[in-house]
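The following exercises are to be worked through with the sequence and the three-dimensional structure at hand. Each task is followed by a solution in steps.

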Amino acid sequence: MFVLRPNLLPLSLPYPKGTSILPYPTRRLPHLQTLPKILCSRKRTGKQRYPSEKKKLKLKHKEALTDVKDKFDGIWRLSKLAVSVQNDPGKDFLGVSDGLLQEIAKAIKFPVASMLPPEVFSIIRKSFDARKMLKEAKFVYTVDMDVRELINLEPRTRDFISDLEPRVGLIEHMPLERVSGDIISIIQDCKKVEGERSLKEGGVNGYSCNAGTDKYTGSRKPKIAVVGSGPSGLFASLVLAELGADVTLIERGQPVEQRGRDIGALMVRRVLELESNFCFGEGGAGTWSDGKLVTRIGRNSDSVLAVMKTLVHFGAPGNILIDGKPHLGTDRLVPLLRNFRQNLQGQGKTLPPQVSIKFGTRVDDLMIEDGHVVGVKVSDSRDKQKLDCHKLGFDAVILAVGHSARDIYHMLLSHDIELIPKDFAVGLRIEHPQELINSVQYSSLGTEVYRGRGKIPVADYKVASYVSREDRKTPSRSGSTSRSCYSFCMCPGGQVVPTSTDPSELCINGMSFSRRASKWANAALVVTVSTQDFNSLDFHGPLAGIDFQREFERRAAVMGGGDFVVPVQTVTDFLDGKFPVTSLPPSSYRLGVKAAKLHELFPMHITDALRHSVSVFDKELPGFISNEALLHGVETRTSSPVQIPRSSDTYESLSLKGLYPVGEGAGYAGGIVSAAVDGMHAGFAVAKRFGLFLDGIESVLGKAQGAGFAKY
């Protein structure tokens with residue numbers, strides 16, 4: 001049994017049992033009899049739903065079917081409008097096509113689609129559904145209909161609107177259109193409202209802290225350090241600067257222009273800059289990745305919409321607000337980050353923020369007095385000996401580092417700041433020819449992809465299985481009874497890249513450009529690991545997960561022979577447990593690959609879970625097991641190996657006053673969007689602490705949801 005999410009945007013269901021997608025025979029493996037069972041964790045439906053789920057669903061139905069007070073006012077939202085591929089202009093078209101008007105006319109039962117004025121319809125979401133259970137692939141739309149404007153332009157629609165009734169998930173009435181802007185406009189609106197309220201209450205300009213011992217009366221702005229310029233650090237800096245704080249953004253790496261040159265030196269001359277690479281530098285690790293903007297914290301939430309619209313404000317294409325699976329790609333992230341930086345430095349079109357940005361500056365230590373952070377000690381990141389250390393005083397420090405900043409974790413531990421080991425996942429990155437994945441997912445439509453320039457999206461996949469070890473003949477030393485195996489950071493039309501931060505260690509990731517035009521598709525296949533796995537290798541304590549990561553990164557480096565050469569093995573050889581004797585299929589990895597016994601890299605229980613899951617995935621994606629499929633080692637940095645406990649309300653560390661751990665490195669996000677949301681909420685929390693923001697962020701954007709680690 002399995003959980004499969006094939007190429008469906010944004011919602012998918014498992015294929016029916018026994019469905020055959022392509023005429024490829026499923027490979028039968030002799031060792032499957034000794035492997036763990038795969039348990040089903042499908043979405044619960046009907047009688048299988050929990051009572052709480054039934055109650056929630058019943059309430060949703062009741063709310064949706066409540067009598068509409070005024071059908072001729074507000075917005076009607078039409079969902080699941082399916083347009084066939086031949087009747088749609090394609091994935092890059094975001095307007096209202098004739099094919100879409102036909103489906104809208106059917107939904108409101110209006111007889112002549114050509115009479116409907118396209119300008120009254122706004123596309124909210126456009127997805128591509130290529131599930132095999134459908135007769136044909138379709139583009140699926142969600143559309144908002146402005147009723148007043150519709151009747152004004154086409155009065156004959158009035159009777160049809162009068163007969164319109166809400167239908168859950170298909171037709172919904174919204175009395176008032178909710179318009180949320182980017183974070184800059186949201187803050188400007190809040191400042192305007194607070195200014196008016198302050199005047200009414202007889203307040204004065206300045207800073208007035210309502211909590212704690214700090215008192216700001218306008219003599220100076222609160223000085224805030226933000227450590228790390230990934231998504232969480234950038235959005236925290238933006239919020240605080242817009243609200244009037246004196247912000248200093250400290251980044252150990254380089255701005256994207258220099259960072260690109262440093263990455264080029266690694267890819268051409270094998271020269272690794274320890275502080276400027278695929279992990280460290282402006283934008284964080286996500287800059288040189290696929291640039292996925294999918295998230296598990298609520299695509300339509302006010303917080304996520306604010307982040308997405310802010311990205312558009314700084315240069316992201318508007319289609320990320322509509323696309324069912326939005327992504328940017330490195331080529332679009334680089335200029336976006338440049339615009340973001342210029343805005344923070346007060347060089348943007350709207351000017352205000354004046355953030356001091358210190359690139360190439362490493363935080364070596366915290367300055368602490370009476371249990372409160374009072375500053376940081378920094379040095380030039382090129383100075384490995386840390387001989388020229390400077391002290392910088394601050395009122396608070398937002399720690400927004402990524403999950404590869406291992407020296408920061410050691411520094412925190414030296415101050416007895418609580419760190420909790422966190423589960424994450426490790427595994428291998430699998431690469432197939434993109435044409436194979438297109439064919440598997442789209443069948444005959446696969447030829448319409450044209451390396452990202454065709455009508456339909458480059459095919460991707462998302463697969464997962466749950467492995468139980470209750471009947472294992474040889475229990476693992478870790479004592480683990482079950483674990484998940486899933487695809488992570490799938491990069492269609494991408495390439496495999498090195499993400500090492502130490503020459504003696506080797507780890508990899510995937511990246512894509514915006515068009516996803518490469519001839520390869522890659523994804524990590526990873527297995528969850530926990531403290532039991534760490535302890536089984538004699539790694540203990542808060543940083544046991546980091547030691548666990550390093551162990552397998554060093555093993556991979558030895559297997560590859562050094563110089564960032566990656567050890568690889570075909571999927572068929574990995575499953576059979578044999579060393580390759582034939583030539584290897586080509587790889588997108590540019591620094592070279594070497595045939596190796598990857599089935600001996602991990603402990604046997606992890607290898608078994610990977611083997612069994614690959615076999616399950618092949619039943620749903622025939623051709624997944626292929627002589628052209630190549631496994632690369634090793635993928636270890638799927639999420640932070642630790643979590644830094646903090647207050648859920650103030651975002652302040654529970655161990656040290658004035659320290660605010662946020663984002664992926666702190667264990668509170670998984671991906672670009674969730675990290676940005678976390679940093680944004682933390683920025684408001686710190687602003688409230690120093691009296692720069694009177695209300696809670698919940699009054700503006702709602703309460704933030706925890707992200708855990710992303711499985712995408």
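**Exercise 1. Cysteines**

Cys389 is partly exposed, with a relative accessible area of 38%; here buried means under 20% relative accessible area, exposed over 50%, and partly exposed in between (1.4 Å probe, protein chains only). The model is predicted: local features need pLDDT of at least 70 and side-chain atom pairs count only at pLDDT 80 or more, while totals for chains, interfaces and linings use all residues. Residues are numbered from 1 along each chain as its sequence is written, and side-chain values use heavy atoms, with hydrogens and water left out.

Task: Classify Cys485 as buried or exposed, and state how many disulfides are counted.

Solution. Step 1: the relative accessible area of Cys485 is 1%, so Cys485 is buried. Step 2: a disulfide is a pair of cysteine sulfur atoms within 2.5 Å. By this rule, zero disulfides are counted.

**Exercise 2. Helix H9 and its neighbour**

Task: Describe the span of helix H9, list its buried residues, and determine how H6 lies relative to H9.

Solution. Step 1: helices (H or I, at least four residues) and strands (E, at least two) are DSSP runs, numbered from the N terminus. H9 covers residues 330–344, 15 residues in all, and reaches 21 Å from its first C-alpha to its last. This is close to the 21 Å expected at 1.5 Å a residue, where the expected span is 1.5 Å times one less than the number of residues.

Step 2: the buried residues of H9 are Thr330, Leu333, Val334, Leu336, Leu337, Phe340, Arg341, Asn343 and Leu344. Just after H9, Gly346 adopts a positive phi of about 80°.

Step 3: axes are lines fitted to C-alpha atoms, for helices over the stretch in contact, and angles run from 0 to 180 degrees between N-to-C directions. The axes of H6 (residues 231–242) and H9 come within 10 Å and cross at roughly 30°. H6 is therefore roughly parallel to H9, since angles under 35 degrees count as roughly parallel, over 145 as roughly antiparallel, 65 to 115 as roughly perpendicular and the rest as oblique.

**Exercise 3. Two open sheets**

Task: For the sheet of five strands, give the strand order and the sense of pairing; then do likewise for the sheet of three strands.

Solution. Step 1: two strands pair if DSSP finds at least two bridges between them. The five strands follow the order E9-E8-E7-E13-E25 in an open sheet with parallel pairing. E9 (356–358) and E25 (659–661) each have a single partner strand, so one side of each lacks a neighbour in the sheet. From one strand to the next, the twist averages 20°.

Step 2: within this sheet, E7 (residues 223–227) and E8 (residues 246–250) pair in the parallel sense over five bridges. Ile224 stands opposite Val247 in E8.

Step 3: the three strands form an open sheet in the order E10-E11-E12, and their pairing is antiparallel. Its edge strands, E10 (361–369) and E12 (389–393), each pair on one side only. Here the twist averages 30° from one strand to the next.

Step 4: eight bridges join E10 to E11 (residues 372–380). Asp365 stands opposite Lys377 in E11.

**Exercise 4. Strand E4**

Task: State how many residues of strand E4 are buried, and name the bridge partner of Phe121 in E5.

Solution. Step 1: seven of the nine residues of E4 (residues 121–129) are buried, so E4 is largely enclosed by the rest of the structure. Step 2: E4 pairs with E5 (residues 138–146) in the antiparallel sense over eight bridges. The bridge partner of Phe121 in E5 is Met145.
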